[in-house]
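Hi,

Here is the structure I promised to pass on. Have a look at it first, and then read my notes below.

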Amino acid sequence: SEGVIVAHNGVDPTHFPDAAAHLSLPVIAFLGHPKPWHGADRLPQLLTALIRSDRNIRVKMIGGGEGATSILNAAHRIRVGFAFESTGPIAVPEIAGHLQEAAIGIAPYPPTDFFYFSPLKVVEYMAAGLPVVASDLGDIRATVGEGGIVVDASDDDGLRRAVTDLVDNPDLRRRLGSRGRARALSEFTWDRIAERIESEAAFLVTGRP
């Protein structure tokens, strides 16, 4: 709307001093306490499809809560629980360490008529040097830029293909992860976002950019 300024969520760069190591075993990271609108319930079926195609891959849910327990139970029901891990609740400074052990950061939001979120997990994946696979909702595409792959929110096969492309191509993972990290640490730090807010507020007061 005209006259409305939207400020994104950001990251504290001091929490992300190092980029992900991109270890040989690809790990998909899901950050946060899963809620129904996060789409994390899509992960057991996604992992099943990847394992059936002979990809050696795991999912790490960084966070806990009832949602994480529910997803773990669903994964065990379809016999892929062995490839799931949940850290349980952790302190904010510990997040980066877990992300640095992963290869892909995922934000598989389901179709949503009014997607008003500014997903913190997406910019934290980017700050950690992980390529992002995310649903094309709200301003996620603009946020991710060249730091990942954005897919239709209702396309489960597209989600699988995006993850498969990254699992099969370590160079692509590193390249997109590096681009995303550079973008996050230049555009989406809390200091940078505060500067934007101050600049816009100054314009409202003085009429000068």
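**How the helices pack**

Helix 6 (residues 156-168) and helix 7 cross at roughly 105°, and their axes come within 5 Å. The two helices are therefore roughly perpendicular to each other. Before you go further, keep in mind that this is a predicted model.

On the helix 6 side, the contact is made by Asp 165, Leu 166, Val 167 and Asp 168, while helix 7 brings in Pro 170, Leu 172, Arg 173 and Leu 176. Sorted by class, the residues of this contact between helix 6 and helix 7 are five nonpolar, three charged and no polar.

Helix 7 (residues 170-187) also packs with helix 4 (residues 120-127), this time at an angle of about 115° and with the axes 7 Å apart. That angle makes helix 4 roughly perpendicular to helix 7. If you want to find the spot, look for Val 123, Met 126 and Ala 127 in helix 4; they meet Gly 177, Gly 180, Arg 181, Arg 183, Ala 184 and Leu 185 in helix 7. The contact of helix 4 with helix 7 has five nonpolar, two polar and two charged residues.

**Pockets and a cavity**

Where is there space to look at? The largest pocket has a volume of about 340 Å³. It is lined by 18 residues, and the closest to its centre are Leu 31, Gly 32, His 33, Leu 120 and Lys 121. Helix 4 turns up again here, giving the largest share of the lining with three residues. By class, the lining of the largest pocket has 11 nonpolar, five polar and two charged residues.

The second largest pocket holds about 150 Å³ of space. Its lining is Val 6, Ala 7, His 8, Phe 115, Tyr 116, Phe 117, Ser 118, Gly 138 and Asp 139, which divide into five nonpolar, three polar and one charged.

As for cavities, a search of the whole structure finds one of 30 Å³ or more. About 40 Å³ of space lies in the largest cavity. The residues that line the largest cavity are His 8, Asn 9, Ser 118, Pro 119, Val 122, Val 123, Asp 139, Ile 140, Thr 143 and Phe 188. Helix 4 and helix 5 (140-144) each supply at least two residues of that lining, and its classes are five nonpolar, four polar and one charged.

Cheers

Terms used
Residues numbered from 1 in each chain as written. Predicted model: local features only at pLDDT ≥ 70, side-chain atom pairs only at ≥ 80, totals over all residues. Heavy atoms only, no water. Axes fitted to C-alpha atoms, helices over the stretch in contact; angles between N-to-C directions. Helix = DSSP H or I, 4+ residues; strand = E, 2+ residues; numbered from the N terminus. Parallel < 35°, antiparallel > 145°, perpendicular 65-115°, else oblique. Contact = heavy atoms within 4.5 Å. Nonpolar A, V, L, I, M, F, W, Y, C, P; charged D, E, K, R; others polar. 1 Å grid on protein atoms, 1.4 Å probe; cavity = no way out; pocket = protein on both sides within 12 Å on 5 of 7 lines; lining within 4 Å. Points joined across faces, edges and corners; volume = space filled by probe spheres on them.
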